[in-house]
Amino acid sequence: MMQNPPPPLPPSQTLYLNNLNEKVKLEELKKSLYAIFSQFGEILEIVAAKNIRARGQAFVVFKDINSASNALRSMQGFPFYEKPMRINYAKKKSDAVAKLDGTYVAKDHTKKGTKEKRKAPDQGGDAKRVMENAMPMMGMMQGMMQGMMPPGMAPPGNNMPPMPPKPRPTPPQSGSEVPHKILFLQNLPQETTEMMLTMLFEQFPGFKETRLVPGRHDIAFVEFEADQQASQAKQALNHFKITPNNAMLITFANK
């Protein structure tokens, strides 16, 4: 007798993705998934792991179910790094969603069945080890904080007189608003890759290619077959956030 297929999973804020290309590096995978899924709604987190059992899989957690459902319908079978994605709702609620709706319970990682009570930790020794481990991070954070000091403000302990703030140069704004089949992209994050932009723009009809500019990570060009097709992509993706902190600016390339 033929077995009946398992019943479909109920809609969830968390999507389970598999059949992903296992050759893609973990960080690039997460950034690329964010780039193509964030158009459907706010993403709480993207979960992927390096271990063998988790390869080719990921979870995308949306803030609401409608966004997740739209993403599932639109991206099912999408050619992601040359492999069609398979998408389903996740079986379990993610920690991020549980924290959002107030149902999160911290997991108990203690081993069950152990009869011996654990010895009380050596508080003095633990504190010393914590401080030793924290010192490199504290140094790194101090360097970061000094780098983020407002112009003219000296870091703590520095008795040097404050320097007057330097005028910030206005970034050049090139491009045109005259329709053109080539789009000019600005304000791209440093980790932008040609593949990320291609996956973002190839959803639109008439897409031809993406061109990065050697030596510049913040700008790129995307070409379509016709001006009207480029205009549709520009209208849909102008100010789209490739990362939470980088809203992409799109204009038409100069003719």
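Guide: In this predicted model, the largest nonpolar core has 28 residues, and those touching the most other members are Leu 15, Leu 17, Leu 33, Phe 37, Phe 62, Phe 80 and Met 85.

Visitor: What makes a set of residues a nonpolar core?

Guide: The members must be buried residues of the nonpolar kinds listed for a core, joined through side-chain atoms within 4.5 Å. At least two residues of this core come from each of strand 1, helix 1 (26–37), strand 2, strand 3, helix 2 (65–75) and strand 6, and helix 1 gives the most, with 6 residues. A second, separate core of 21 residues includes Leu 200, Val 222, Ala 233 and Phe 252.

Visitor: Why is the pair of Phe 37 and Phe 40 called tilted?

Guide: Ring planes under 30 degrees apart count as stacked and those over 60 as edge-to-face; the planes of Phe 37 and Phe 40 stand at 55 degrees, with ring centres 6.5 Å apart, so the pair is tilted. Phe 37 and Phe 40 are both buried, and ring pairs link Phe 37, Phe 40 and Phe 62 into a cluster, while the whole structure holds 7 aromatic pairs.

Visitor: Which residues lie nearest the centre of the largest pocket, and what lines it?

Guide: Tyr 16, Val 47, Gln 57, Ala 58 and Phe 59 lie nearest the centre, among 22 lining residues, which divide into 11 nonpolar, 5 polar and 6 charged. Strand 3 gives the most to this lining, with 3 residues, and the volume of the largest pocket is about 470 Å³.

Terms used: Residues are numbered from 1 along each chain as its sequence is written. This is a predicted model: local features need pLDDT of at least 70, side-chain atom pairs count only at pLDDT 80 or more; totals for chains, interfaces and linings use all residues. Side-chain values use heavy atoms; hydrogens and water are left out. On a 1 Å grid over the protein atoms alone, a cavity is a set of points where a 1.4 Å probe fits but cannot get out, and a pocket is an open set with protein on both sides within 12 Å along at least five of seven lines; lining residues have an atom within 4 Å of a point. Grid points are joined across faces, edges and corners, and a volume is the space filled by probe spheres set on the points. Helices (H or I, at least four residues) and strands (E, at least two) are DSSP runs, numbered from the N terminus. Ala, Val, Leu, Ile, Met, Phe, Trp, Tyr, Cys and Pro count as nonpolar, Asp, Glu, Lys and Arg as charged, and the others, Gly among them, as polar. Buried means under 20% relative accessible area, exposed over 50%, partly exposed in between (1.4 Å probe, protein chains only). Rings of Phe, Tyr and Trp (its six-membered ring) pair if their centres lie within 6.5 Å; planes under 30 degrees apart count as stacked, over 60 as edge-to-face and the rest as tilted.
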